[in-house]
Amino acid sequence: HPSPASTSKVRWVVDSGASNMFTHDLSLLSNVRPTSVAVSGSNSSSSPMRATHAGRFGIFPHVLFVPSIAQNLMSVSILRKLGFHVDFMKLRISRGHIVWPIRHHHDCNLFTVLLPRRPVDAFAHSNQTSFVSWNLAEVFHRRFNHISKRALLRVFKVHGITVPRKHLRRMRLCSGCALTQP
């Protein structure tokens, strides 16, 4: 039997070409629902792959379960959409106080990150056990092509989107928008 320490972390390959997040371990996911999605690429037997289920892993709302995939794949584009900075030179993934070290496997030229099996631990501050909250106003700002706070408030009003007031008060400029400010 594997020791508890060996099963407490899960290895993810950081993939700049992946359009989605993929896992071969259904037990990692919550809110699991059946699906049938063709996945580009092939497994070791060169047969086409299909995702049979989808679910959530921490703040990653849509992770596909592909039973025949060899390794968990973490999409760089999904990470960036969620506000993470992926730095292959400094070998880290970060957002605020969350920092995950990346390991470069020179023999196969893969980059991997180890995350706790329990997603809440992966997104918690090192000295805390609570889930790290993220600012919904900032997420919508990025999702709606970096629109101004004023325009964002109009979108919320027109479409009936509810965002906590404290998120609006604490909304900071993202790094790209900050560069355009005088």
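**Figure 1. Overview of the predicted chain.** Helices (at least four residues) and strands (at least two) are DSSP runs, numbered from the N terminus. By that definition, the chain has seven helices and eleven strands. The model is predicted. Of the 182 residues, 38% are buried. Take the contacts between residues at least 6 apart in sequence: 53% of them join residues at least 24 apart. The accessible surface is about 11400 Å². Carbon and sulfur atoms account for 54% of that surface.

**Figure 2. Buried face of helix H5 (residues 149-159).** Ala-151, Leu-152 and Phe-156 are buried in this helix. Viewed down the axis of H5, the buried residues fall within an arc of 145°, so they line one face of the helix. These residues pack against helix H4 (136-143) and helix H6 (165-169).

**Figure 3. Exposed side of H5 and the residue that follows the helix.** Arg-150, Arg-154, Lys-157 and Val-158 are exposed on the other side of H5. Gly-160 comes just after the helix and takes a positive phi of about 65°.

**Figure 4. Open sheet of three strands.** The strand order is E7-E8-E9, with antiparallel pairing. Strand E7 (85-87) and strand E9 (98-101) stand at the edges. Each has a single partner strand, so one side of each is left without a neighbour in the sheet. From one strand to the next, the twist averages 15°.

**Figure 5. Pairing of E8 with E9.** Strand E8 (residues 92-95) and E9 run antiparallel, joined by four bridges. Ile-93 has Trp-100 in E9 as its bridge partner.

Key
Residues are numbered from 1 along each chain as its sequence is written. This is a predicted model: local features need pLDDT of at least 70, side-chain atom pairs count only at pLDDT 80 or more; totals for chains, interfaces and linings use all residues. Side-chain values use heavy atoms; hydrogens and water are left out. Buried means under 20% relative accessible area, exposed over 50%, partly exposed in between (1.4 Å probe, protein chains only). The arc is that of the directions from the helix axis to the C-beta atoms. Contact means heavy atoms within 4.5 Å. Accessible areas come from the Shrake-Rupley method with a 1.4 Å probe; for residues, only the protein chains shown count as cover. Two strands pair if DSSP finds at least two bridges between them. Axes are lines fitted to C-alpha atoms, for helices over the stretch in contact, and angles run from 0 to 180 degrees between N-to-C directions.
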